[in-house]
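This briefing covers a chain interface and a pocket. Please look at the structure before reading on.

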Number of protein chains: 2
Amino acid sequence: MKLAIIDIGSNSIRMILVRMVDGCYKIYNDLKESARLGEGLETTGQLGEEHMDRALSTLKMFKRLIDAVGCDTIIAVATEAVRKASNKEIFLEAVRKKVGIDVRVLSGEEEAFFDFLAVKNSLPVSDALIMDIGGSSTELVYMQDKKMVEKVSLPLGSINLAERFDLSTELKPEQETALKHFLFHQFSKINWLATCTAPVLVGIGGTIRSLGKIDRARKNYPLDITHYYQMDPHDVQEIYQTVKRQSLVKRQKIKGLSKSRADLFLGPVAALSVITELCGIEEIVISGSGLREGLIFDHLARQEKIIRDPLDYSIRNIAGNHNLNEKHGQRVYHLFRSLFDQLKPLHHLGPEYGNILKTAALLHDCGININYYGHPLHSFYMILHSGIQGLTHRELLISAYIAGSHRKDECKVDLSRYQQLLSSQDALIIRTLGVLLSMAESLDRNMSSTVQDVSCRMEDHTVTIKTMATETPYLEINDAMQFKNIFAKVFGRDLRII
Amino acid sequence: MKLAIIDIGSNSIRMILVRMVDGCYKIYNDLKESARLGEGLETTGQLGEEHMDRALSTLKMFKRLIDAVGCDTIIAVATEAVRKASNKEIFLEAVRKKVGIDVRVLSGEEEAFFDFLAVKNSLPVSDALIMDIGGSSTELVYMQDKKMVEKVSLPLGSINLAERFDLSTELKPEQETALKHFLFHQFSKINWLATCTAPVLVGIGGTIRSLGKIDRARKNYPLDITHYYQMDPHDVQEIYQTVKRQSLVKRQKIKGLSKSRADLFLGPVAALSVITELCGIEEIVISGSGLREGLIFDHLARQEKIIRDPLDYSIRNIAGNHNLNEKHGQRVYHLFRSLFDQLKPLHHLGPEYGNILKTAALLHDCGININYYGHPLHSFYMILHSGIQGLTHRELLISAYIAGSHRKDECKVDLSRYQQLLSSQDALIIRTLGVLLSMAESLDRNMSSTVQDVSCRMEDHTVTIKTMATETPYLEINDAMQFKNIFAKVFGRDLRII
């Protein structure tokens, strides 16, 4: 099944194309046109002729693409700009007639709800203040224990803030005072914000994604991954303080910020910094998922595809998209866990490695999709870049390294590239878990679950692993024994498998 | 359809599992056990009991895997060791009864034929001497104009050479003389070798693959790709001269050589060096495809899936395996070629870039399979690692870079990593072709072939590209114009698209 999701925002019009099979989804196209429908709206209360024309051209192009790839379902929504324009009916009618698409105008509360769905289903965060800063509106959701307890939509966004306070170039002190005053005033009207005790703010929207990108660029952060990038409120402050003194020309050269967004950047950052201060936020988490992903999750929920855990869903999604042998993955995961749990007295690692074990075991073979030959290394690459949701970047990286070292002594990718994310202890952790995964994989080398489980006995100089199998697994044991040397290095004991 | 191919050799028993759809194939598992069936055969003329038992255990494990993944077809073949053993019927019967697999014993000529099929269909080489050095036999094929004109199978291989001349440790001068004398004698009996004028030797088999790996390791070659690795005969000589003076323990530490092969390594290298000298070979090309791939191609041919060109077939294979939008790929390829051909007076690149253009254009989107976000970079990775056949490593790398820079100004992967393969001019070539591919992709952004072709007019300061389209492609032109700056840098002219 193919789904097209169109989001007619105040700043840009975007479309993603999504393929859905068995409750799994894969985004396979993403288009964006900067139509700026919200421009001038603050003054005239209307969508401008020219802006509407540009939007129509964009939507026509999108529609041709939809027809070319053959989508079954189109979900088109419009947000604040269309919502508040007095001439919205003219625009909607034109889209209906000239493009052949019915656009649903979302209320601010609906928008907030889809943001909440996106965060709930894609981040391993239970309590957070969610903030989506768009071109003309900002949605705030208070999520507690994965439930939406409060929500609000405010008519302030990057475009109207920039227009109202003339933010596209160096800020004068009086401008800044007016802006901050306005923002404090707006946010302080929301009573429930005072009760919000979540230490985490999850940020959604293009500006916030840019903010993360800028921060990664200035820190030479080793991964180019937006989703679940974690920032300190100080970082936001620093970037804000720098940018506010810059001219538009200078802003256009900031690494990580797109030129077309440079004039609109400051308002949202100010808003974020005000709310961070107001609510005592300790950590900012960037979400790569937003309104459009919320609409996907909503669509899935309507088909009764309920997502219980972002990580599990993500893994299932990737395994499904890449035809992985599920039975083998599950068996390897089971054996890996069993070895991990029983050898705990030797490695001392705790349950906080659960997500890493799961990811590395269930996806260890995904690289076969690229090429069987060298597949552990391809698994490393794919785990790192597949957009897995529900892991911190450190967890993601360790999972990738472990999968990348299965069937080998070590993953060949140089650890020093990622030293910002990994400690010196992590190298040992990766080796430890890597050898256990390799052994687990060897023990299910015939993919037929001959070895059902293992039982480990630890002695002073030896670890004896007894296989519980349906028939004697000579070759599997033989295969696992090739890791004897690295096992001895990591655990300081001789390996015996019987 | 799932196919299992089992190859019972003198040194190892291997199995690959292959998925076939619409004439495309994908190897998704490869198992190897070093059973050394050929050991002792030289002296006793028989397969040893213990060796047969080990082989049976291995085949049973393979069979369990076959059953677990559900293969439709099993093609099991045996080569020289079984072929010449006086007790082969006992072994074959045991395999039939205890494992349930019928093994076909190939004649030396049949083996040579499958080697030929493998090379013909996977390398862009028309004339070559093909040499497959196995554990107990060596096949030689003279291929002219992609046709097999001569073939022979000789009963000499890594195991029997090592046994007969005691090659597993430092070689004494008298041993070396005896070995070389024997090899010259064997090869000089083949009359047609004297008529062989092919400058290229294509090498097949584990030892030859190891030789390539050793060469890559000692040269810090930047790609870990076996197939179509090109070597100078001097390299073979150098490695031979070094290894012959080394003890077994030292050989086991050679980077690139597997421990289990160290004692058998020298004989095949000597054979290769003798034949290289005898036939005046100027270049050695390593083939990653051999007997098993030959059997796949034979299987395809029986279903009337004829492979006309290794590269075309490879691209179709990858595009098929990754669900690429073929129409979009073809349109982008067409527009890319059209821009390339018409702008030749500016870039001066010739038809030798044809394969690169084709690969980069048809596979530019393959990275979407990993993640839409960042997909040009994933395309870079996938093109480099998917085992594309029919391109030199330099062509492969340039294709990957071009695909990796589509939709961007530049591919982010540092060129200096690959300086052994790329010249300083190649950086400019990559930029030139990268901007043309980006423009071509933009012009089919709606994937519906609105822009059918382009016509370019070059003036002193401007290049004007006129689109021939079914309707005015405003957005496509707009999208392509984002490459105006890099176009100006590369071509020294202003870009106009109308």
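How much area is buried between chain B and chain A? The area buried between them (accessible area, 1.4 Å probe, that two parts lose on being put together, summed over both) is about 4,000 Å², with carbon and sulfur atoms giving 50%. The model is predicted: local features need pLDDT of at least 70, side-chain atom pairs count only at pLDDT 80 or more, and totals for chains, interfaces and linings use all residues. Residues are numbered from 1 along each chain as its sequence is written, chains are lettered from A in the order in which they are written, and side-chain values use heavy atoms, without hydrogens and water.

**Interface**
- Chain B and chain A each bring 43 residues to the contact (heavy atoms within 4.5 Å).
- Five salt bridges (side-chain nitrogen of Lys or Arg within 4 Å of a carboxyl oxygen of Asp or Glu) cross between chain B and chain A.
- A:Glu471 and B:Arg64 form a salt bridge through their side chains, at 3.2 Å from N to O.
- On the side of chain B that touches chain A, β3 (24-33), α2 (49-69), α17 (375-385) and α20 (474-480) of chain B each supply at least two residues.
- The most comes from β3(B), with eight residues.

**Second largest pocket**
- The second largest pocket holds about 1,200 Å³ of space.
- Its lining counts 46 residues, and the closest to the centre are B:Ala319, B:Gly320, B:His322, B:Asn323 and B:Leu324 (lining residues have an atom within 4 Å of a point on a 1 Å grid; a pocket is an open set of points where a 1.4 Å probe fits, with protein on both sides within 12 Å along at least five of seven lines).
- Helix α13 (residues 310-321) of chain B gives the largest share of this lining, six residues (helices are DSSP runs of H or I, at least four residues, and strands runs of E, at least two, numbered from the N terminus).

Note on methods
Points joined across faces, edges and corners; volume = space filled by probe spheres on them.
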